[in-house]
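Subject: Structure handover

Hello,

Please find the structure below. My notes follow it.

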Amino acid sequence: MITRRNFIKVTTAGGALAAFGDVPAARSAIHTATLPETGFITEEGRQIPVIAETDIVIVGGSSAAVAAASAATRAGSRVFLAATMPYLGDDVCGTFRFVCEEGESPNLPLSRRLFLQSKNPTPLYIKTELENELIDNDIPFLYSSYVTNVLKDAQGGPAGVVITNRSGRQAIRCKTIIDATQLASVARLVGAPMTPFKAGKYDFRFVTVGSRALSIAGATAEEVPYTLKYKNKTLPVVRYTFGMEVKD
């Protein structure tokens with residue numbers, strides 16, 4: 001098995017071998033490019049293409065990000081959405097949260113569309129409906145794109161983002177940035193003040209599909225009123241909840 005670090009070395013060696021024509025030269029190129037004391041390489045300045053100029057850039061692909069994008073568009077703003085995952089709705093699909101909590105009721109057009117039109121919405125159904133929400137509102141979007149830098153205007157305020165993906169790096173200029181990422185990664189880039197984390201005991205949940213509820217020490221289990229069918233079999237969905245002390 002090749003590790004990520006070895007893969008980078010092999011890839012670099014291959015590029016150097018193509019450039020210099022022999023293995024010793026390739027090894028020399030690797031040694032020269034890598035700074036032993038830091039493990040990083042320096043990169044020359046380069047131009048980054050601007051792929052869009054818009055009013056609002058929304059970073060993240062959660063259901064909240066899509067809701068914000070469509071609401072801003074209906075209010076008259078131009079919007080561009082950059083999703084970090086290769087799909088939309090990771091907050092719902094990634095956690096299997098297809099059933100409302102006790103006391104919750106879908107009361108917005110998008111939430112009703114996601115949870116009430118289908119008796120048992122599947123991950124693919126949620127992803128498709130969120131994608132259609134953007135398409136129906138003419139909102140351009142990209143998948144698998146991560147913000148690496150924030151553009152600044154002459155006064156030092158945020159004026160856009162630089163994203164990276166399989167096509168390289170691109171810049172998007174905007175007037176406003178909405179950070180809808182799970183860990184507020186863009187807000188952290190610009191040094192936005194954060195509420196200090198409060199250590200203590202927190203509840204965590206995970207969901208299983210296909211097996212009945214099991215007895216697990218320190219956790220409670222409940223069968224969710226939601227089922228999946230696969231090859232004429234009905235698969236139960238079980239949600240486990242457990243508490244854990246978190247220091248940071």
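This is a predicted model: local features need pLDDT of at least 70, side-chain atom pairs count only at pLDDT 80 or more; totals for chains, interfaces and linings use all residues.

Residues are numbered from 1 along each chain as its sequence is written, and side-chain values use heavy atoms, without hydrogens and water.

The largest pocket has a volume of about 510 Å³. A pocket here is an open set of points on a 1 Å grid over the protein atoms alone, where a 1.4 Å probe fits, with protein on both sides within 12 Å along at least five of seven lines; lining residues have an atom within 4 Å of a point. The volume is the space filled by probe spheres set on the points, which are joined across faces, edges and corners. There are 24 lining residues, and Ser63, Leu110, Ser111, Leu114 and Phe115 are the closest to the centre. H3 gives the most, six residues. Helices are DSSP runs of H or I, at least four residues, numbered from the N terminus.

H3 (63–74) has twelve residues and spans 17 Å between its first and last C-alpha, close to the expected 16 Å. That expectation is 1.5 Å times one less than the number of residues. Its buried residues (under 20% relative accessible area, 1.4 Å probe, protein chains only) are Ser63, Ala65, Val66, Ala69, Ser70 and Ala72. Glycine 76 follows H3, with a positive phi near 105°.

Zero disulfides turn up in the whole structure; the criterion is cysteine sulfur atoms within 2.5 Å. Cysteine 93 is buried at 11%, as is cysteine 174 at 9%.

Regards

Definitions and conventions
Helices (H or I, at least four residues) and strands (E, at least two) are DSSP runs, numbered from the N terminus. Buried means under 20% relative accessible area, exposed over 50%, partly exposed in between (1.4 Å probe, protein chains only).
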